[in-house]
Amino acid sequence: MQLNPSEISDLIKKKIENFDLSTQVHTEGTVVSVTDGIVRIHGLSQAMQGEMLEFPDHTFGMALNLERDSVGAVILGAYQHISEGDTVRCTGKILEVPVGEALLGRVVDALGNPIDGKGPINCVETSPIEKIAPGVIARQSVDQPVQLGLKSIDSMIPVGRGQRELIIGDRQTGKTAIAVDAIINQKGTGIKCIYVAIGQKRSSVANVVRKLEEHDALAHTIIVVASASESAALQFIAPYTGCTMGEFFRDQGEDALIIYDDLTKQAWAYRQVSLLLRRPPGREAYPGDVFYLHSRLLERASRINAKEVEKLTNGRVTGKTGSLTALPIIETQGGDVSAFVPTNVISITDGQIFLESNLFNSGIRPAVNAGLSVSRVGGAAQTKIIKKLGGGTRLDLAQYRELAAFAQFASDLDESTRKQIERGQRVTELMKQKQYSPMSVAQMGVSLFAANEGFLDNIEVNKVLDFEAALLSYFKSEHTELMDSINATGDFNNEIGSSIRSGIETFVKTHSW
Amino acid sequence: MNEIATLARPYAVAVFKRAKETNSSKKWSKNLSFLAAVLNDNAIFGMIDDPKVGRARLLTLLLDICADQLDQEGSNLLKLLIENNRLNLIPFIVELFETYKAEDEGFIDIDVTTAYAFTKESKQHFNEVLEKNFGKKVNMKVVVDSSLIGGVLVRAGDQVIDGSIRGQLQQLAQRL
């Protein structure tokens with residue numbers, strides 16, 4: 001950018017002209033001790049819980065412990081230059097971050113400052129990071145789908161707009177992959193995405209950003225990063241920052257999707273901060289309010305009704321509901337879902353997608369365990385076609401699992417059992433899907449229809465995916481109109497059913513795979 | 001430091017309540033400041049934590065020193081503090097006691113830093129303004145500091161009213 005000197009001096013002149021020479025009244029305190037990013041402050045008797053405190057050299061902190069004779073605060077960012085005896089001021093404000101459309105396509109830190117080298121972000125508005133979730137009256141039930149673009153998830157564990165669906169699994173089971181696919185699939189749907197990376201390597205975040213850029217999905221995405229090298233305080237507030245940015249879209253009557261990757265690390269960061277603040281440790285050394293830490297965050301993901309949107313936008317937007325869908329990620333240790341944080345988050349969310357490492361290693365990717373994964377509200381939000389055709393898949397897989405264990409001992413099986421098992425093997429195979437290749441509703445519909453109606457039964461198990469690929473490309477070229485109409489409405493009736501059937505029949509007769 | 005203030009608070013509250021009951025806050029104020037002055041002496045201060053000096057000896061020593069200055073209740077406080085090993089709290093007790101006393105009597109201590117020395121009338125006027133503002137009688141301590149460039153900086157407890165040119169320049173620098 002070319003800098004114009006006169007422009008700058010004009011700008012400064014204007015600022016000086018508008019400068020309000022008011023007498024400042026504030027409360028001041030003194031730093032008593034600095035330890036590992038935690039500061040004890042004497043004075044500041046007026047400080048509020050969660051208030052932003054101003055330290056020397058434009059450093060900010062957050063008051064977390066209000067005690068009788070002192071205030072315990074965390075410093076947001078570097079704390080090396082702060083020393084005993086420094087003065088601290090109250091700002092009278094809760095920590096705020098910039099919000100708005102300008103953030104889309106950008107990578108920011110936990111305080112909303114750009115870190116992608118693309119220059120400053122022109123946000124007009126700011127908003128506090130801690131807010132109370134919408135009340136009962138303001139809400140509307142979840143009845144529109146968020147398509148993640150993954151067959152196994154959209155058919156069996158559907159997610160609705162405004163839902164909180166947990167993605168849980170060990171390390172290296174493809175949790176982030178599901179999240180990234182979900183973001184890529186929102187391209188062109190109008191759903192804004194926020195990806196919050198907490199305690200991750202900078203290199204992994206750079207990978208995600210690059211992949212989103214490659215798939216043209218960065219333009220509708222905000223990436224909030226509190227990497228492993230940043231202070232625990234920033235890792236602790238990053239999800240709230242992301243949530244505030246997402247709430248902006250929700251309150252404008254738009255739809256947003258937020259991914260917290262991952263909340264286990266946030267709980268660790270919060271545990272560190274709490275222990276350093278000398279709060280009493282509880283189970284697994286987490287503080288007593290670790291449940292509230294996650295529940296207050298996830299409760300903010302919601303769908304609000306048109307009336308509330310109208311109120312929040314002062315009548316600018318009418319007749320539109322807003323939603324913020326959350327996909328929190330939790331990493332388990334050795335598949336143990338009964339640890340403290342996983343059980344908490346499972347109980348807070350509206351269902352979970354459970355990923356297993358042995359499924360992943362046996363080549364079933366996404367490694368979704370269909371038996372343990374549930375969606376408690378998404379069923380109401382599914383498109384008609386997926387709901388109709390996906391029900392059979394779930395049943396097939398459930399029966400298959402039951403029989404597969406028992407069939408290992410029996411040498412010869414009766415005809416119907418054998419058929420069940422073969423169907424199950426093929427459906428399991430069909431549920432595999434490559435990364436970065438989300439599917440449309442119509443594509444899923446055709447695949448599921450083929451499985452339901454037994455078109456896969458005569459195909460070898462290892463050829464199922466080839467068959468599917470060929471079938472879909474055939475439908476794409478020969479039945480474009482049908483596919484487009486399914487994508488547009490998501491409807492399913494006898495007419496659509498019979499045209500899919502005849503399409504598959506001709507394909508089977510005339511094509512090879 | 002914070003913990004010490006927490007420890008000293010119950011003593012200060014007790015002394016203050018007793019002083020109010022017996023209407024003897026002036027006497028207590030004298031008692032306490034004398035004790036603080038005695039303990040400020042290096043020789044005495046060193047003896048507090050000296051294992052070779054027993055509690056009994058320390059008590060007789062201190063009572064001897066303070067014999068004329070302390071009344072019965074004052075020496076009782078001293079005995080209690082020695083028994084509880086809290087002699088080092090005395091400066092904090094004094095500080096807290098004085099704040100309670102000032103609060104009770106409707107006084108407030110205010111530090112005023114000014115760029116130029118006040119004239120007598122302006123000081124009087126300023127005092128009136130502050131009294132109106134805080135709703136209390138003001139105990140003003142004035143310091144002249146030319147680095148403020150102009151205006152005044154008022155400090156009452158942890159509340160700061162910054163009306164100085166320096167503060168405004170800092171604000172402006174931040175805005176730019």
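## Where the two chains meet

Let's start at the boundary: 20 residues of chain A are in contact with 16 residues of chain B, where contact means that the C-beta atoms of two residues, placed from the backbone, lie within 7 Å. On the chain A side, the elements that give two or more residues are helix H1 (5-18), strand E1 (24-35) and strand E2 (38-43). Helices (H or I, at least four residues) and strands (E, at least two) are DSSP runs, numbered from the N terminus. E1(A) supplies the largest share of that side, 7 residues. Sorted by class, the chain A side has 6 nonpolar, 9 polar and 5 charged residues. Here Ala, Val, Leu, Ile, Met, Phe, Trp, Tyr, Cys and Pro count as nonpolar, Asp, Glu, Lys and Arg as charged, and the others, Gly among them, as polar.

E1(A) also pairs across the boundary: 4 bridges join it to strand E4 (residues 159-164) of chain B, and the two run antiparallel. Strands count as paired if DSSP finds at least two bridges between them.

## Before going on

This is a predicted model, in which local features need pLDDT of at least 70 and side-chain atom pairs count only at pLDDT 80 or more, while totals for chains, interfaces and linings use all residues. Residues are numbered from 1 along each chain as its sequence is written, and chains are lettered from A and ligands numbered from 1 in the order in which they are written.

## Chain A as a whole

Chain A has 16 helices and 19 strands. Its C-alpha atoms fill a box of roughly 85 × 55 × 45 Å along the principal axes.

Among contacts between residues at least 6 apart in sequence, 74% join residues at least 24 apart.

## A covered strand and its partners

Strand E17 (residues 322-331) of chain A is mostly covered, with 9 of its 10 residues buried. Strand E15 (residues 255-261) of chain A pairs with E17(A) in the parallel sense over 6 bridges, and there Tyr260(A) stands opposite Pro328(A). Strand E12 (residues 166-169) of chain A is also parallel to E17(A), over 3 bridges; Gly169(A) has Glu331(A) as its bridge partner.

Strand E16 (residues 303-304) of chain A runs antiparallel to E17(A), joined by 2 bridges. Look for Arg303(A) opposite Ser323(A).

## The nonpolar cores

A nonpolar core is a set of buried Ala, Val, Leu, Ile, Met, Phe, Trp, Tyr and Cys residues joined through C-beta atoms within 7 Å. The largest one has 129 residues, and Ala179(A) and Tyr195(A) are among those with the most contacts inside it. Helix H5 (residues 232-251) of chain A gives the most to this core, 11 residues. Leaving aside neighbours within four places in sequence, the contacts of Ala179(A) include Tyr195(A), Leu327(A) and Ile329(A). Apart from this core lies another, of 21 residues, including Trp28(B) and Val94(B).

Key
Buried ≥ 20, exposed ≤ 12 C-beta atoms within 10 Å, placed from the backbone.
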